[in-house]
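Hi,

Here's the structure I said I'd pass on.

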Amino acid sequence: MSDKKIIAVVGATGAQGGGLVRAIMSDPDGGFTARALTRNIDSPKAQELAALGAEVVAADVDDVESLERAFDGAYGAYCVTFFWEHFSPEKEGQHVRNMAAAAKSAGVQHVIWSTLEDTRQWVPLEDDRMPTLMDSYKVPHFDAKGESDRIFAELGVPTTNLLTSFYWDNLIHFQMGPQEGEDGVLTFTLPMGDGKLPGIAAEDIGRSAYAIFKRGNEFIGRTVGIAGEHLTGAEMAEALSRAYNREVRYFAIEPDVYRGLGFPGAEDLGNMFQFKRDFQDVFCGNRDLEFTRSLVPTMRTFDSWLADNAERIPRG
Ligand SMILES: NC(=O)c1ccc[n+]([C@@H]2O[C@H](COP(=O)([O-])OP(=O)(O)OC[C@H]3O[C@@H](n4cnc5c(N)ncnc54)[C@H](OP(=O)(O)O)[C@@H]3O)[C@@H](O)[C@H]2O)c1
């Protein structure tokens, strides 16, 4: 039997977990191996992970027993939740309770919990700078994660809280890239004013998590944040202009207008960007670039990410 330490990866067929499985499996002498959790072990994405040598097992974050089986014998676990699958902060909390309980009963020695800030610490519900959503939240998909940090702590699960950043991949997958107007000009729209947006290549989140596992107990009990770069909307537009070799203009839409755009999650994201814009010291400060590079020296910049991905961004 292999003496490699097993890392059980929730969301292994997705952005964060997938990056972690690939990071682990591309380092055969690193002392770790990946166990990929998926609801469908036969899917093409699951089979791609199996082809890398990862163990692929069935688990659902709704089903604590499936998580217990999947975490059994694992040294570490990467825990992530899937807000955009259900838009429910309460469900997100329940999924964290399920993962934490399973990690506890399986005796997992190191959990990395993919979290975000509970923005209500800085913008209490009575603060009317931004609307309260779903009765109890300012940024539901942030607040539910931040609120859940204590669940691992209360159960005594050795945990590193990992604050992630805006994926630049959103430009590809969530129509957040520059759009061509009737005048033929490309416009990149973000409700960030002149604020800096910490961003990251989604694949680098997994590589950072792997680096944290490799550093042993160093970060257990701590919250650490990662980003590839902190860029203003104007700087992102300049990078897009370089990548396309044509002008891309930045349009700093007001968060209030963004909240009214009407797509699912628009209010949540409008509040999120406003929080990032108005609490720069907190949000950028929590995601130190030097620290991130100390974990992953080859961390991608927005320019280097665009070099590989600019043509994949829909410009409709
Ligand atoms: N987009 C951003 O900029 C950004 C930035 C920071 C944080 N986040 C957070 O990232 C989280 C999502 O992570 P991601 O982007 O890595 O996800 P993702 O790419 O959307 O992948 C999610 C994967 O999770 C699995 N999954 C879905 N429901 C599941 C369930 N009930 N049980 C077990 N597995 C399930 C699916 O795999 P199977 O179908 O194979 O089971 C899917 O491949 C969200 O909570 C979001 O708030 C996003």
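Below is what turned up, starting with a sheet and moving on to salt bridges and a surface patch.

Keep in mind that this is a predicted model.

Let's begin with the open sheet: three strands in the order β8-β9-β13, with mixed pairing. The edges are β8 (179–180) and β13 (248–251), each with a single partner strand, so one side of each has no neighbour in the sheet. β8 and β9 (residues 186–189) run antiparallel and are joined by 2 bridges; E180 has L186 as its bridge partner in β9. Lying across β9 and β13 is helix α9 (residues 233–244), at about 165° to β13.

E180 sits in strand β8 and R246 in the loop between α9 and β13, so the pair ties together parts 66 residues apart in sequence. E180 is partly exposed at 41% relative accessibility, and R246 is partly exposed at 30%.

The count of salt bridges comes to 21. Among them is E203 with R22 (2.8 Å, N to O), which links helix α8 (residues 202–214) to helix α1 (residues 15–25), 181 residues apart. Another is K145 with E92, at 2.7 Å between the closest N and O atoms; this one links helix α6 (residues 140–155) to helix α5, 53 residues apart. Both K145 and E92 are buried. There's also a salt-bridge network linking D118, R120, D143 and E147.

Last, the surface: W84, F87 and M134 form a nonpolar patch with about 270 Å² of accessible area together. F87 is in the loop between α4 (83–86) and α5 (89–106), and is partly exposed at 32%.

Cheers

How values were computed. Residues numbered from 1 in each chain as written. Predicted model: local features only at pLDDT ≥ 70, side-chain atom pairs only at ≥ 80, totals over all residues. Heavy atoms only, no water. Patch = residues over 30% accessible without salt bridge, like charges linked within 9 Å, V, L, I, M, F, W, Y side chains within 5 Å. Areas by Shrake-Rupley, 256 points an atom, 1.4 Å probe, with all protein chains shown as cover. Salt bridge = Lys/Arg side-chain N within 4 Å of Asp/Glu carboxyl O. Helix = DSSP H or I, 4+ residues; strand = E, 2+ residues; numbered from the N terminus. Buried < 20%, exposed > 50% of the residue type's maximum accessible area, 1.4 Å probe, protein only. Pairing = 2+ DSSP bridges. Contact = heavy atoms within 4.5 Å. Axes fitted to C-alpha atoms, helices over the stretch in contact; angles between N-to-C directions.
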